[in-house]
Amino acid sequence: MDSLCSKSLQSGGVRFARTVMYSFAVLALILIECYPAQAIPAFARKYGLPCSSCHEAWPKLSPFGQQFKDNGYQLGNDRDAPIFQQAAYWPIALRITPNWHLERQDHVVVDGANGENTALANITTHGFDYTGMDMLTAGTLAKNFSFLLVPSSDETGAFHFESANVRFDNVLGTPWVNIKVGKFELDNLLSEKRILTLSANGGSYQNYHFQPWLAPGTPSPLYGFGIGDNQLGIEWMGHSANDRTRVSASLLSGTDGNPDFQNGMGNAAGRAYEGFVAASQAFEVGSLGLQRVGGFAYFGQAPTYPEYTQSGAPIDGTGVGNEPYYRAGFIGMWYLKKLDVTTMYFYGHDNVYLATGTASNGGSSALPSGSHAPSWNGALFETHYTWSPQLILINRYELIRMKQQALDSNPGDLGNVDALTFGFRYYPFINSRAGFAFHNEYSIVWNRKVQVSPVTGLPIDLTSSSLFFGIDFAF
Amino acid sequence: MRNISNLKFCLLVASVFVLPSGIRAQQADQAPAAKPSKHMESHIGDLTGHSEAGAKLYYRYCWGCHGARGDGNGENAPYVTPEPRNFVAAVFKCRSTPTGTLPLDSDLYNSLKRGFNFTNMPSWIALTNQDRANLVAFIKTFSARWVAEKPGDPIQIPTEPKLTVESIKHGGELFQKLECWKCHGQEGRGDGPSASTLTDSNDQPIRPYNFTTDNRSKCGRTNEDLYRIFMTGLDGTPMPSFADVVKPNDAWDLVHYLRTLQYNNPSPELALWMSTPEGKAIVEAKKVENTNTGSGVQP
């Protein structure tokens, strides 16, 4: 009896440890995925400009930095081509963030007195850690031929290509024709790759990655997409000489930026193309600064089933039965001297087949009864107070509200999200050689009704939070 | 002994009061007539720039090259060629005012907006108009010249006469007569016999402008900009003002001729010149094909 009991306890302990491990593995994965990519001291070295020229607070771009990027990493003073640099100049920079962080999540299902997965617990862990590393290499191959290559690793050193593209700048001598080919960040005005927050919960924009839940405790069958993710395709981008007017349109493969026609979620992919358009206009308001308003839309389609071999095995990269989804929004970036506020309205819509994970060929499977194409509204308010180029205070609040659930049986607020993040970054020095910041952040995310209580059987909220102190450096 | 002690005491007292006054007098002789003002304004059209606001921008964007004191000795200056501008000396190349005088605020404002081709100074067109005006005001706090002197009166630029083949040819003759070729070279490539000996006011080597590279000169790309450069000169460089030796119509002829040297950039002057057998032969002889290095500089 004793031995049986101890065996049972040991088994429960192992499962508990496994549950905790999985929870934090997910958090770690989020942290890796959310790590911002772009702050490139190699440019500062090339041009002799301090970080604060191109960045209001790196990695967030200033209007000057945005124009430099839009011009193909060129200042336009005819010193941009590599031939004008010392032969020893190598356009590469590295970035990593050693840190201490604390992660807390409530309502984690654990083993209880009544057996496996019968209780809820709040889980907290903390310790010293480090993020993945970005190798940022970018610049010009020749005048009006620019490139960006970012081999990026997770904290174990496993690499992938975050960005890999070539851009033909000022084609036909006009800034209105720039063509980019490869893997690149969408022309998001609010760049997730230049996000000022780094923690597991605050290191990404909730609106950029949200997909509706199928039911409480059952995530949507993901088709692999995030508007904040870098995508594979071709982009046309045009801008006025002073960068006040910006427009872009992209044709993308529906693989969420993954190679080999895979969508990264183990789902059928390939042979699906998607589109993204964005436009914005900036205008000056006296001494307040440069205001910008714009809009964007992503029109996607994803396959709902693959083609099969004669023996019934799915064939990679042969997704068929494409069904549509889209995201759209408006954004405003408002400057009141040192204070700036970014506001964004976001709308999302998924096809019912995608939302319910149903093959759309009408054959072997049918839509669940009471199913609908889900839709939702979202908003973001992000505030910065740039005390000086060396100190920026950060605050962000995001919300997502479901408008239409995928199933009639779902609670109306299933999947609703509230996310609050605040912190500050302090840059003790600013020069044209390297970047260094003390990063301090707290973030908390509330997900409504996404968990099913093993005690009551009812949907309950999940809350997760992060406390993050890091030393963010790039050189 | 007592008298001697009294004498020593008197000398000591005298030294305490007299010597410092002498030193002060010497310092006064050396001191500039005015000190830089910490509070300056700039006026560009309807815009009024304020140095206090400009200071914050300067220490965000400019100090790395131009230095915290505006003397062109920023920590990045050793790696910058040509050297960053020294705002303490307050000598500026691109002016609409006569040589030796201070530029207008709008001259500095336009320089910030335009940048300087073939230097590390980029165009700051992405900044707001107000920010550029504030920066101009702050730049003026570095030199006492802005307190002691007023900017010169801008030169008058007469209406450009009609473009003719004769004006281009006459401009070519002036190019020879004024010995522009000594620095800029016979083909305008910046490789004249004196080119390698030229230095700026800081004794740093400086290259004459190569007309074949672009249609942008340091101080602008329009015909009026070229005209203005002849007449005002580029202070701090070997490029003198020709205001006293070139008549306005002659200056316009010179502008027309110089445009034909920019054979990689279409212009009405080049088109007209190419329409003549003589012009076509000259331009064709200069062209070097199949040598695109991707640098943007044409051979």
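Residues are numbered from 1 along each chain as its sequence is written, while chains are lettered from A and ligands numbered from 1 in the order in which they are written. Because the model is predicted, local features are given where pLDDT is at least 70 and side-chain atom pairs count only at pLDDT 80 or more, whereas totals for chains, interfaces and linings use all residues.

**View 1. Overall make-up of chain A.** Chain A contains 6 helices and 22 strands, where helices (H or I, at least four residues) and strands (E, at least two) are DSSP runs numbered from the N terminus. Of its 475 residues, 48% count as buried; a residue is buried if 20 or more other C-beta atoms lie within 10 Å of its own, exposed if 12 or fewer, and partly exposed in between, with C-beta atoms placed from the backbone. Among contacts in chain A between residues at least 6 apart in sequence, 63% join residues at least 24 apart, a contact being a pair of residues whose C-beta atoms, placed from the backbone, lie within 7 Å.

**View 2. The largest nonpolar core, with members from chains A and B.** A nonpolar core is a set of buried Ala, Val, Leu, Ile, Met, Phe, Trp, Tyr and Cys residues joined through C-beta atoms within 7 Å. The largest such core has 76 residues, of which A:Phe43, A:Cys54, B:Val136, B:Ile139, B:Val255 and B:Leu258 touch the most other members. Its largest share, 7 residues, is supplied by helix 10 (residues 248–261) of chain B, and at least three residues come from each of domain 1 (41–148) and domain 2 (165–286) of chain B. Once neighbours within four places in sequence are left aside, B:Val136 is in contact with B:Ser42, B:Gly49, B:Asp105, B:Leu108, B:Tyr109 and B:Leu112. A second, separate core of 20 residues includes A:Ala215, A:Phe225, A:Leu354 and A:Leu407.

**View 3. The contact between chains A and B.** This contact takes 30 residues from chain A and 29 residues from chain B. On the side of chain A that touches chain B, the elements giving two or more residues are helix 3 (51–54), helix 4 (63–70) and strand 13 (289–302) of chain A, and helix 4 of chain A gives the most, with 3 residues. That side of chain A has 13 nonpolar, 12 polar and 5 charged residues, where Ala, Val, Leu, Ile, Met, Phe, Trp, Tyr, Cys and Pro count as nonpolar, Asp, Glu, Lys and Arg as charged, and the others, Gly among them, as polar.

**View 4. Helix 2 of chain B and what covers its buried residues.** In helix 2 (residues 51–61) of chain B, the buried residues are B:Ser51, B:Gly54, B:Tyr58, B:Arg60 and B:Tyr61. Their cover includes helix 3 of chain A, together with strand 2 (47–50), helix 3 and helix 5 (129–139) of chain B.

**View 5. The two domains of chain B.** Chain B is divided into domain 1 (41–148) and domain 2 (165–286), with bounds that come from an automatic or database domain assignment. The C-alpha centres of these domains lie 27 Å apart, and the contact between them takes 15 residues from domain 1 and 18 residues from domain 2. The side of domain 1 that touches domain 2 has 6 nonpolar, 5 polar and 4 charged residues.

**View 6. Helices 7 and 10 of chain B.** The axes of helix 7 (residues 165–177) and helix 10 of chain B come within 7 Å and cross at roughly 95 degrees. Helix 7 is therefore roughly perpendicular to helix 10 in chain B. Axes are lines fitted to C-alpha atoms, for helices over the stretch in contact, and angles run from 0 to 180 degrees between N-to-C directions; angles under 35 degrees count as roughly parallel, over 145 as roughly antiparallel, 65 to 115 as roughly perpendicular and the rest as oblique.

**View 7. Backbone features in loops.** A cis peptide bond joins A:Trp58 and A:Pro59, with omega about 10 degrees, and A:Pro59 sits in the loop between strand 1 (55–57) and strand 2 (60–61) of chain A. Phi of A:Leu172 is near 65 degrees, a positive value in a residue other than glycine, and A:Leu172 is exposed, with 6 other C-beta atoms within 10 Å.

Note on methods: Contact = placed C-beta atoms within 7 Å.
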